[in-house]
Structure formats: C-alpha cells, structure tokens
Amino acid sequence: MVRGWPVRHTRRVSVSVEIVEPVVAWFDGAARDLPWRRPECSPWGVLVSEFMLQQTPVSRVLEPWRRWLERWPVPAALAAEPAGEAIRAWGRLGYPRRAMRLHAAAVAITERHDGQVPPDHQQLLDLPGVGTYTAAAIASFAFGQRHVVLDTNVRRVLGRVLDGSALPGPAPTRGEYARAQALLPEEPERAARWAAASMELGALVCTARKPDCSQCPVIDVCAWRKSGSPDNAAPRRGQRYDGTDRQCRGAILRVLRESEEPVSAAQIDLAWPEPVQRERALQSLIADGLVVATSLEYRLP
Ligand code: SF4
C-alpha cells in the first residue's frame, strides 16, 4: 500500500464535500446572468471580457463589452482596423494598454489561428496580453477545460476558508497554486464550474471589505470566520488616483480619443494644467505606443 494515499484521498473527498460542492450548488442559484457566460457567447467574447475585467469591475464593463462585440464580432474585424480604433473604443475603462494588447491579440489570432481563438492553453499563453490567469480563464470559461483560475476573488475566498487570513498577499504564491490545484475537481466541466463559482462567491459574498457571511455556503468551515474574522491582513497602500500621472495620461488620451483628426500641442496643453507632469505623461504614452507624435501633432496609432 502506498503510505499516505488513503489519507490524501479522504482529505480530497472531504474538501470536495465541504467546499467545492456547496459553492457550486450556491452558484447554480446565485450566478449573475452575464453576457459572456451565456452559452451563445463565442470564445472571442469570453476573451474580450477577460481583457476588460482585468482591472475593471463588471458593472463598468457590460456596456463597452456589448458595443465592442457589436462592432468587432470576430477577431479579424478588429485586426483589420488600426490599434488607435481599439484605444478610442476602450473609452474610460482605464489602463488603456489593455486595448493595445487586445488589438495585438486579435492580429495574432487572425494571423496564426485562422481567426479562431485557440483552445490550446499554451497557444493562448502565447497571445499578446494573455498571462497565466487570463489563459486559464479563457480555457476554462470558453472551452470548459480543467485549469487553476486564481484571481483575487478566489485567492481571498480560499485564504479565508483554509488559512483564516483576511486578505491575500500582492501576488499568488506557489503554495496557493498547489492548494488550488488540489481542490480542482477531476472532471473538466465541473472544474470550470468551480472556477466560475469560487470567483463569483468572492465577487458577491466574500468581498474584501464587507463579506456577507450570513449568505455564504461555506460559513461552517471558514477558518477566518471561526477565528472571529481578525483583521490580520498586511497594511496596503491605497490606490490614489486624483493628481497622479495615471489621471494625467487619461486626460491627454481623452483629447485624442474625442478627436477624429490629429491634435496640436496646444490642444494637449489644455488637457492638464501642470506642464512638467503633462510632458512626462505624454512621453510615457508615446513610449507605450498609445500616442504617435509627428513633428507638429499627436494622434492615436
Ligand atoms: Fe468569506 Fe464569510 Fe464565507 Fe468565510 S464565511 S468564506 S469570510 S463570506
């Protein structure tokens, strides 16, 4: 007999019964009806949603996602237009480099994969702008595969239930991946369902600031709850926005987005009052490829 196997097997069954099954059952009744979750949504629609949701909440993504898919229903449609159109359509979703990367991904899908989002995990990882999380999410949500999908919401839920920690650290550790892997149901469709369910639990119930434990399907096994919900998270720096270079970049980009023509330096000057910061932000936009400078004017790429 292989020593330890029966214990691990028992633990796996118990974790499945205590955590995975209740969370998936809760999801069956509580899942939001999001357009990228519907059966008719294409893998391209799922990919676009994952790019948009990387740093933006669902409520702000719904309308831009709908317009994006209406205008560019397949990757080749987006790839046929200049990257500047993607930046323009990105609007106020924030972190506009994602628009550039999404455009680059559409070009790569068109050129390398005959216009179809590839189901292969490694081929997804090879696309511009697709990292570990995004590749796993697309493979799981668009193609029903079995992958560890570890976003902040899932990390927070697992950290609370299993470790009793209030909030996860800044980046996932190997230990977190190994634990999430051990929790993953064997059957791919079930694994994909668990990925979506655990993410939804973190988004709707086990929120960062005010978890609604009375609605939680795993309240009875939650280590953090059992230990009195201690505030044991490392202090975090708040994300200030007002007055930052990020805000300044957004103001400059808005001028360019709202103009069909290239704009003059004088028009850029009106976007932000502080000249040193304005110039720094403008140069960083040019360096990122989000703005193209000609001798007298500026335009989207
Ligand atoms: Fe989160 Fe509360 Fe559920 Fe624990 S009991 S997982 S803290 S919502």
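Select C206 to begin: this residue is buried, because its relative accessibility is 11% and buried means under 20% relative accessible area, with exposed over 50% and partly exposed in between (1.4 Å probe, protein chains only). The model is a predicted one, in which local features need pLDDT of at least 70 and side-chain atom pairs count only at pLDDT 80 or more, while totals for chains, interfaces and linings use all residues. Residues are numbered from 1 along each chain as its sequence is written, and side-chain values use heavy atoms, with hydrogens and water left out.

Around the ligand are R160, V161, V205, C206, C213, C216, I219, C222 and W224; a residue is near a molecule if one of its heavy atoms lies within 4 Å of it. By class, this shell has 8 nonpolar residues, 1 charged residue and no polar ones. Here Ala, Val, Leu, Ile, Met, Phe, Trp, Tyr, Cys and Pro count as nonpolar, Asp, Glu, Lys and Arg as charged, and the others, Gly among them, as polar.

Next, select C41. This cysteine is buried, since its relative accessible area is 16%. How many disulfides does a search of the whole structure find? The search finds 0, a disulfide being a pair of cysteine sulfur atoms within 2.5 Å.

Now show the protein chain as a cartoon. The chain has 15 helices and 3 strands, which are DSSP runs numbered from the N terminus (helices: H or I, at least four residues; strands: E, at least two). Of its 301 residues, 42% are buried. Its C-alpha atoms fill a box of roughly 75 × 45 × 35 Å along the principal axes.

Select helix α5 (residues 83–90) and helix α6 (residues 97–112). Their axes are 8 Å apart, and the helices pack at an angle of about 135 degrees. Axes are lines fitted to C-alpha atoms, for helices over the stretch in contact, and angles run from 0 to 180 degrees between N-to-C directions. The angle therefore makes α5 oblique to α6; angles under 35 degrees count as roughly parallel, over 145 as roughly antiparallel, 65 to 115 as roughly perpendicular and the rest as oblique.

Move on to helix α8 (residues 132–143) and helix α11 (residues 188–204), whose axes come within 9 Å and cross at roughly 120 degrees. This pair is oblique as well.

Finally, select W272, in the loop between α14 (265–269) and α15 (275–287). W272 is buried because its relative accessibility is 12%.
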